[in-house]
Amino acid sequence: MQLRFAVPDQARSLPPPPLLNFPSVWTAGCFWLSALLDNGINRRPVLRAGLHRQVLMATLGFCLGYYLKRYSNYYYAERDRELFSYVKEHPEDFVKKEPRKVGDILEDFVPIR
């Protein structure tokens with residue numbers, strides 16, 4: 001089994017994600033909390049001990065989250081490109097239907113009283 005997490009060269013044509021995005025901030029927070037948990041498990045002062053480790057873990061988490069966002073942008077762009085090309089090549093499968101009105105779908109209301 002081979003894991004493929006490398007972002008190919010075709011991803012360079014995509015615009016870069018914003019620097020502060022949800023995955024990068026989330027993973028930075030999770031990595032920082034893991035450093036705090038390590039301090040707590042080893043019976044050290046939680047916030048004051050090992051500030052260099054806390055900064056390192058938050059930075060690693062931020063970089064990992066940014067990379068994951070880049071990879072997911074590439075993956076979804078590749079998937080959308082394949083789907084749109086399929087729709088373009090097979091228009092007979094995707095014909096536009098006439099829109100129906102809600103009054104045609106629902107039954108007439110008859111009160112019980």
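**Salt bridges and the exposure of their residues**

D9 is exposed, and so is R12; here buried means under 20% relative accessible area, exposed over 50%, and partly exposed in between, with a 1.4 Å probe and protein chains only. The model is predicted, so that local features need pLDDT of at least 70 and side-chain atom pairs count only at pLDDT 80 or more, while totals for chains, interfaces and linings use all residues. Residues are numbered from 1 along each chain as its sequence is written, and side-chain values use heavy atoms, with hydrogens and water left out. The structure contains three salt bridges, each defined as a side-chain nitrogen of Lys or Arg within 4 Å of a carboxyl oxygen of Asp or Glu.

**D9 and R12**
- A salt bridge links D9 to R12, with 3.9 Å between the closest N and O atoms.

**D38 and R44**
- D38 and R44 are joined through their side chains in a salt bridge of 3.1 Å, N to O.
- R44 is partly exposed, because its relative accessible area is 29%.
- D38 also counts as partly exposed, because its relative accessibility is 33%.

**E78 and R81**
- In the salt bridge between E78 and R81, the closest N and O atoms are 2.5 Å apart.
- Both E78 and R81 belong to helix α2 (residues 51-89), where they are three residues apart, about one turn of the helix; helices (H or I, at least four residues) and strands (E, at least two) are DSSP runs, numbered from the N terminus.
- E78 has 24% relative accessibility and therefore counts as partly exposed.
- R81 has a relative accessible area of 51% and is therefore exposed.
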